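Subject: Structure handover

Hi,

Here is the structure I promised to pass on to you. Have a look at it first, and then read on for what I found in it.

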Amino acid sequence: MEITEIRVRLMGRRNDKLRALCSATFDNSLAIHDLKVIDGAKGQFVAMPSRKLTDRCARCGGKNHLQARFCNDCGAGLPAERAPKDGRGRPRLHADVAHPIHAAYREALQARVLAAFHDELERSKLPGYRPAALGDEPEDFEEGDAAGSVTTAAVGAAGAAGAAGAAGIPGMSAMAARAPEPPRP
Ligand SMILES: [Zn+2]
């Protein structure tokens with residue numbers, strides 16, 4: 001699958017390890033949000049979108065994150081360190097939402113995202129830089145950081161010229177704004 005667009009939202013230095021959030025579009029058709037550029041011990045890497053794993057409270061059956069110490073629903077104490085361990089004995093707290101099947105594709109995707117990240121980093125040093133909008137901010141994205149609407153509009157307008165086009169990232173809103181197709185005769 002061809003990677004047809006990557007958008008990068010730099011995180012600055014507010015966060016120790018998270019350097020950027022990214023969206024990638026494949027074949028001008030499918031957008032995947034919430035890829036992360038992370039400073040790792042062995043250099044930067046790209047983490048695929050993931051969700052926190054949960055389990056159920058023994059008392060009420062409510063769902064809680066594996067690191068939660070008390071049930072969100074009933075307040076019961078929850079056992080510590082109940083997350084399953086990975087091959088290296090570390091607790092497994094997240095599961096991928098989307099991920100490449102083959103190592104070669106993972107490496108190609110990571111290389112593209114890191115290249116886009118470094119390009120964005122260079123652009124951010126220029127005067128008048130506006131951060132890109134990703135179209136779908138993750139839940140934990142901090143407010144006051146969504147000043148990228150101008151960039152979105154420009155990219156969206158250019159992309160709308162194509163079929164699904166790069167306008168796909170704003171997704172539903174862009175599609176909804178498009179005029180309905182005329183009825184067939
Ligand atoms: Zn409970």
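The protein has three helices and eight strands. Of its 185 residues, 19% count as buried. As for contacts between residues at least 6 apart in sequence, 41% of them join residues at least 24 apart.

The average pLDDT of the protein is 78, and 71% of the residues score at least 70. Among the elements, helix α1 has the highest mean pLDDT, 96, while helix α2 (residues 149–159) has the lowest, 35. Over residues 141–180 the pLDDT stays under 50, and the model has 45 contacts beyond four places in sequence for this stretch. Where pLDDT is low, the predicted coordinates should not be read in detail. If you plan to set up calculations, that is the point I would keep in view.

**The sheet**

Four strands form an open sheet in the order β1-β2-β3-β4, with antiparallel pairing. Strands β1 and β4 (43–47) stand at the edges; each has a single partner strand, so one side of each is left without a neighbour in the sheet. From one strand to the next, the twist averages 25°.

Taking the pairs in turn:

- β1 (residues 3–10) and β2 (residues 18–26) are antiparallel and paired over seven bridges. Here Glu5 stands opposite Thr25 in β2.
- β2 and β3 (residues 30–40) also run antiparallel and are joined by seven bridges. Leu18 has Ile38 in β3 as its bridge partner, and Leu21 stands opposite Lys36 in β3. The two strands form a hairpin with three residues between them, and Asp27 in the turn has a positive phi of about 50°.
- β3 and β4 pair in the antiparallel sense over five bridges. Gly40 has Gly43 in β4 as its bridge partner, and this hairpin has two residues between its strands.

Helix α1 lies across β1, β2, β3 and β4, and runs at about 50° to β1. What does the largest nonpolar core consist of? It has 17 residues, and those touching the most other members are Val8, Cys22, Val37, Val113 and Phe117. The elements giving two or more residues to this core are β1, β2, β3 and α1 (103–123). The largest share, five residues, comes from α1.

Leaving aside residues up to four places away in sequence, Val8 touches Ala20, Cys22, Ala116, Phe117, Glu120 and Ala132.

**A few residues to look at**

His33 lies in strand β3. Is His33 buried, exposed or partly exposed? His33 has 19 other C-beta atoms within 10 Å, and a residue needs 20 or more to be buried, so His33 counts as partly exposed. The C-alpha atom of His33 is separated by 4.3 Å from that of Ser23, ten residues away along the chain.

Asp34 is also placed in strand β3. With 21 other C-beta atoms within 10 Å, Asp34 is buried. Asp34 is not a glycine, yet it has a positive phi of about 75°.

Glu81 is another residue other than glycine with a positive phi, near 50°. Where is Glu81 found? Its place is in the loop between β7 (63–65) and β8 (94–96). Glu81 has 8 C-beta neighbours inside 10 Å and counts as exposed.

Best wishes

Key
Residues numbered from 1 in each chain as written. Predicted model: local features only at pLDDT ≥ 70, side-chain atom pairs only at ≥ 80, totals over all residues. Buried ≥ 20, exposed ≤ 12 C-beta atoms within 10 Å, placed from the backbone. Contact = placed C-beta atoms within 7 Å. Pairing = 2+ DSSP bridges. Core = buried A, V, L, I, M, F, W, Y, C linked by C-beta atoms within 7 Å. Axes fitted to C-alpha atoms, helices over the stretch in contact; angles between N-to-C directions. pLDDT = per-residue confidence, 0-100.
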